[in-house]
Amino acid sequence: MKTIVFGAICGNLPALEASWAEAEKEGYDWIAHTGDVVGFGPYPDECVAFLRDRNVQGARGGFDEGIGWDGDDSGGRESDPAEQALAEASFDWTRRRMDLLDKRWLADLPFGASSHGGQRRVAVYHAGPIDMHDCLTQEMPEARFIEYGEAARADVIAIGCSPRSFHRSIDGRHFLNVASLGRPRDGNPQTGYAVIQADAEVKVVFRRFGYDIDRTVRALEGREAPPGLGERLRKGA
């Protein structure tokens, strides 16, 4: 079974459109997203409409939950004060801008989603199967991965909340972080997604490709989004 997983879309419609076009050319049995459909990007309502119109399954991220339920903050836990301040400014901008029905769509996203075909079960979450904000990272001890695997009861567990992608195999289970589709933060501004081939064996490929960053940056400026986001997008930061 071939699965394509989109990481955090972050309100970046041009990146989402480019990724969808690549996915359609590549082909898949199941496609899903890991949450944070909105936040940081200038097209929150448009990204919701894109996924809703195509009935793309996925998980609820921290931004999605906070904005969907008109929360007070992004729920972010950034160690960098400047990055945390940017997250809060973006959260406030997105919350004030979004249509009420689109907010409700975000609020109704499930905690996780999973495939129901093929030899192996693939599950997607925002941060992990236990907590929406406690993100599974590559540096965590194997015991934590085993705990998360037991909680998910899946052969492949995909998340998308941390900046850098990774793939680890522990006790027969596969764990991967897809990273962000709409706001990459690994020094590479290209968008992309993960391709999971889960049959007798599991193979994971992280794909990256260009998209119209200029269109996103122009929209950030034209819609008076918080300053600094366009520069970070261009740098992959």
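**Figure 1. Phe-111 and its ring partner, Tyr-125, in the predicted model.** Phe-111 counts as partly exposed, because its relative accessibility is 29%. Tyr-125, by contrast, has a relative accessibility of 9% and so counts as buried. A pair of aromatic rings is described by the distance of the centres and the angle of the planes. The structure holds nine aromatic pairs, and Phe-111 and Tyr-125 form one of them, with 5.9 Å from centre to centre and 55 degrees between the planes. This arrangement is classed as tilted. Phe-111 is placed in the loop between helix H5 (100-107) and strand S4 (112-114), while Tyr-125 belongs to strand S5 (residues 122-125), so the pair ties together parts that are 14 residues apart in sequence.

**Figure 2. The edge-to-face pair of Phe-145 and Phe-175.** The two ring centres are 5.1 Å apart, and the planes make an angle of 80 degrees. The pair links distant parts of the chain, 30 residues apart: Phe-145 is in helix H6 (residues 142-152) and Phe-175 is in strand S8 (residues 173-177). What is the relative accessibility of Phe-145? The value for Phe-145 is 0%, and this residue therefore counts as buried. Phe-175 is likewise buried, with a relative accessible area of 1%; residues under 20% are placed in this class.

**Figure 3. An aromatic cluster of three residues.** Phe-6, Tyr-193 and Phe-209 together make up one aromatic cluster.

**Figure 4. Arginine residues over aromatic rings.** Arg-104 lies over the face of Trp-69, at 5.9 Å from the ring centre. Over the face of Tyr-43 lies Arg-215, and here the distance from the ring centre is 5.7 Å.

**Figure 5. The packing of helices H2 and H5.** Two packed helices are described by the angle between their axes and the distance between the axes. Helix H2 (residues 44-54) packs against H5 at an angle of about 60 degrees, and the axes are 10 Å apart. The two helices, H2 and H5, are therefore oblique to each other. Is the crossing of H2 and H5 left-handed or right-handed? The crossing of these helices is left-handed. Which residues of H2 meet H5? On the H2 side they are Asp-45, Val-48, Leu-51 and Arg-52, and on the H5 side they meet Asp-102, Trp-105 and Leu-106.

Definitions and conventions
Residues are numbered from 1 along each chain as its sequence is written. This is a predicted model: local features need pLDDT of at least 70, side-chain atom pairs count only at pLDDT 80 or more; totals for chains, interfaces and linings use all residues. Side-chain values use heavy atoms; hydrogens and water are left out. Rings of Phe, Tyr and Trp (its six-membered ring) pair if their centres lie within 6.5 Å; planes under 30 degrees apart count as stacked, over 60 as edge-to-face and the rest as tilted. Helices (H or I, at least four residues) and strands (E, at least two) are DSSP runs, numbered from the N terminus. Buried means under 20% relative accessible area, exposed over 50%, partly exposed in between (1.4 Å probe, protein chains only). A charge sits over a ring if NZ of Lys or CZ of Arg is within 6 Å of the ring centre and within 35 degrees of the ring normal. Axes are lines fitted to C-alpha atoms, for helices over the stretch in contact, and angles run from 0 to 180 degrees between N-to-C directions. Angles under 35 degrees count as roughly parallel, over 145 as roughly antiparallel, 65 to 115 as roughly perpendicular and the rest as oblique. A crossing is left-handed if the near helix is turned anticlockwise from the far one by less than a right angle, and right-handed if clockwise. Contact means heavy atoms within 4.5 Å.
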